[in-house]
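This report looks at side-chain contacts. The structure comes first.

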Amino acid sequence: MDQIIDISQDGRHLSRDRGFLKVEAEGRVLGRIAFDQVTAVIVHSHGLTWSNSLLVELADRGVPVVLCAANHQPRAILCSLQGHHQQNARMRAQWDASQPLIKQAWKQVVTAKIRMQAAALAAIGQPSAPLDHIARSVQSGDSSNAEAQAARHYWPMMMGKAFRRDSDLPDINALLNYGYTVLRAATARAVAAAGLHPTIGLFHSNRANAFALADDLMEPFRPLVDLTARAIAAKVGPEVTPEAKRRMADLIALDLPLAGETSPVSVALLRLSHSLAQSFEVRRLSLALPKPPAPLTLAGLGS
């Protein structure tokens, strides 16, 4: 099963031990995780050491290493320079993609996000009809900014009227930061595996953002993090505890409806990234976007 490895305590040493990632402290082995099961490594501690052979092994396997600040926001991501065997051709196709295709892709991503938000609200007993209406009105390139319209309705219903989404604030905002970091790492891996360049986004275009495409493609999955954060905060408080991190990391194994079957979030991200890469190559859009899971599944997130 895919796993997110989170290192948040000082004094840890990470190294490569044959086919395993080994974690030690003061010369004592704390655990080994098979490389085949590692989706990403997220690091918060300041007293960490690791071997170069481990970082090379993770890069060879396309496993991103995410370095986080104190507020659980990612500050750097170490990712492989090599991804898909057709990487050069796919990056050229990505760079040469027409604006109409890119705008239609962003429209579909935004529509999928708003529909996931609507399903998330319905799962907690909040009205979803306004979001369903907005989802039907998204235009090419989201020129009418339907995403922002949906957010103005969504956040008060999801987190309460006093909530303000600000990544620099503590408590539930920090919990959301961590959940989005997990999601961003899994998406960055999927983008690299598909042979796409993570900096060339569909919508996000900040010149300082090296993972704009990952930020684009993770959008439909964000409400899963929101529901999980809401449930954790309601039950045990909004602190980013080891148990809260585990529940967030478990999201990558959540099954989602996709193309007539179910696939874990980690696989859904891979399929979405590959479908975008193929769309660039054939110059015809066909995205494998996830649909919301059953209401009971959504309502049970974070429990």
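The sections below cover aromatic rings and charged side chains.

## Basis

This is a predicted model, in which local features need pLDDT of at least 70, side-chain atom pairs count only at pLDDT 80 or more, and totals for chains, interfaces and linings use all residues. Residues are numbered from 1 along each chain as its sequence is written, and side-chain values use heavy atoms, with hydrogens and water left out.

## Aromatic rings

The whole structure holds three aromatic pairs (Phe, Tyr or six-membered Trp rings with centres within 6.5 Å; planes under 30 degrees apart are stacked, over 60 edge-to-face, the rest tilted). Y154 and W155 pair edge-to-face, because their centres are 5.2 Å apart and their planes at 65 degrees. W155 and F163 also have centres 5.2 Å apart, but their planes are at 35 degrees, so this pair is tilted.

F163 is buried at 17% relative accessible area (buried is under 20%, exposed over 50%, partly exposed in between; 1.4 Å probe, protein chains only). Y154 and W155 are both buried.

## Salt bridges

A search of the whole structure finds 15 salt bridges (a Lys or Arg side-chain nitrogen within 4 Å of an Asp or Glu carboxyl oxygen). E219 bridges to K113 at 2.7 Å between the closest N and O atoms. E219 also bridges to R222, at 3.2 Å. E219 is buried at 4% relative accessibility, and K113 at 11%.

R246 and E243 meet in a salt bridge at 2.5 Å, N to O. R246 is partly exposed at 41%, and E243 at 35%. A salt-bridge network links R16, D36, E57 and R61.
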